[in-house]
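Please read the following walk through one protein model with the sequence and the coordinates open beside it. The paragraphs begin with strands and their pairing, then turn to single residues, and end with the open space between atoms.

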Amino acid sequence: MNKWSREQMAARVAQDIPDGAVVNLGIGLPTLVANQLPAGREIILHSENGVIGMGPAPAEGEEDYDLINAGKQPVTLLPGGCYFHHADSFAMMRGGHLDVCVLGAFQVSAGGDLANWHTGAVDAIPAVGGAMDLAIGAKKTYVMMEHLTKAGESKLVDNCTYPLTGIACVSRLYTDLAVIDLTPQGAQVTAIVDGLSFEELQKLTAVTLIKAH
């Protein structure tokens with residue numbers, strides 16, 4: 001089955017971020033978006049550990065581990081960028097100053113509920129970080145995740161079975177198979193990877209999908 005690569009997923013997200021937006025990229029897949037932002041579009045990247053104005057990932061050998069994002073990955077700083085206290089960073093998140101956040105997820109429900117911090121497994125290490133603040137604080141919350149689990153189960157579900165991060169907060173879902181808007185009318189498919197039909201996508205997905213007009 002044909003799938004979008006992680007870089008292709010990141011590029012699709014990057015294309016949908018408007019000029020001038022202040023954006024938080026969550027740990028994991030979302031960090032790849034920084035390297036895919038369109039040239040000439042000013043997008044201000046924020047990280048909850050206290051950085052704003054990040055650029056793309058540094059070239060190999062030029063990493064500065066005093067300058068990292070929330071996932072402990074080295075980053076670059078664009079002219080005008082700065083770093084600051086953790087509390088100020090969370091004030092930005094909770095105060096509604098972020099236009100978009102892009103998060104990873106274990107599950108997303110058709111109603112936009114997000115589960116991304118704990119699988120509920122006995123041996124799993126909970127890692128909520130700033131996800132709850134981001135999911136509710138940002139004006140728009142996008143999720144990047146693989147469409148299926150390693151066991152082949154749909155991560156888009158009617159109701160999340162993992163502990164929730166936020167309720168009705170996700171507006172758009174980017175997977176390796178499709179782009180899906182979570183609307184009051186339902187899960188609306190706006191793009192599908194080449195070679196996969198809508199009917200095939202529906203068979204792989206645990207919720208009823210609708211085609212975009």
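Helices (H or I, at least four residues) and strands (E, at least two residues) are taken here as DSSP runs and are numbered from the N terminus. The model is a predicted one, in which local features need pLDDT of at least 70 and side-chain atom pairs count only at pLDDT 80 or more, while totals for chains, interfaces and linings use all residues. Residues are numbered from 1 along each chain as its sequence is written, and side-chain values use heavy atoms, with hydrogens and water left out.

Burial is judged by relative accessible area, with buried meaning under 20%, exposed over 50% and partly exposed in between (1.4 Å probe, protein chains only). His46 counts as buried because its relative accessibility is 0%. If contact is taken to mean heavy atoms within 4.5 Å, then His46, leaving aside its neighbours within four places in sequence, is in contact with Val23, Asn24, Leu25, Val51, Ile52, Met54, Phe84, Ser89, Met92, Met93 and Leu98. One of these residues, Met93, is 47 residues apart from His46 along the chain, and the C-alpha atoms of the two are separated by 9.5 Å.

From there one can turn to the pairing of strands, where two strands pair if DSSP finds at least two bridges between them. Strand 1 (residues 22–25) and strand 5 run parallel and are joined by three bridges, and Asn24 stands opposite Cys101 in strand 5. Within strand 5 (residues 100–103), Val100 and Val102 point one way while Cys101 and Leu103 point the other way, and all of them are buried. Strand 5 also pairs in the parallel sense with strand 8 (residues 140–144), over four bridges, and here Val102 stands opposite Tyr142. Strand 8 is itself mostly covered, since four of its five residues are buried. Strand 8 pairs in turn with strand 10, again in the parallel sense and over four bridges, with Val143 standing opposite Leu173 in strand 10.

An open sheet of mixed pairing is formed by three strands in the order 7-6-9. Its edge strands are strand 7 (114–115) and strand 9, each of which pairs on one side only. Strand 6 (residues 107–109) and strand 9 pair in the parallel sense over two bridges, and Val108 stands opposite Leu156 in strand 9.

Gln188 counts as buried because its relative accessibility is 18%. Leaving aside its neighbours within four places in sequence, Gln188 is in contact with Val179, Ile180, Asp181, Thr183, Ile210, Lys211, Ala212 and His213.

The backbone deserves a look as well. Most residues other than glycine have a negative phi, and most peptide bonds are trans. Lys72, although not a glycine, has a positive phi of about 65°, and this residue lies in the loop between strand 3 (51–54) and strand 4 (77–83). Lys72 counts as exposed, at 64% relative accessibility. Ala168 is likewise not a glycine and has a positive phi of about 50°, and its place is the loop between strand 9 (156–157) and strand 10 (170–174). Ala168 is exposed, with a relative accessible area of 55%.

What of the cysteines? With a disulfide defined as a pair of cysteine sulfur atoms within 2.5 Å, the structure holds zero disulfides. Cys82 is in no disulfide, and the nearest cysteine sulfur, that of Cys101, is 20 Å away. Cys160 is also in no disulfide, the nearest cysteine sulfur being that of Cys169 at 9.1 Å. Cys82 is partly exposed, with a relative accessible area of 34%, whereas Cys160 is buried, with a relative accessible area of 18%.

On a 1 Å grid over the protein atoms alone, a cavity is a set of points where a 1.4 Å probe fits but cannot get out, whereas a pocket is an open set with protein on both sides within 12 Å along at least five of seven lines, and lining residues have an atom within 4 Å of a point. Grid points are joined across faces, edges and corners, and a volume is the space filled by probe spheres set on the points. The largest pocket has a volume of about 600 Å³. Of the 26 residues that line this pocket, Ile27, Gly28, Gly104, Ala105 and Asn116 are the closest to its centre. If Ala, Val, Leu, Ile, Met, Phe, Trp, Tyr, Cys and Pro count as nonpolar, Asp, Glu, Lys and Arg as charged, and the others, Gly among them, as polar, the lining of the largest pocket divides into 14 nonpolar, eight polar and four charged residues.
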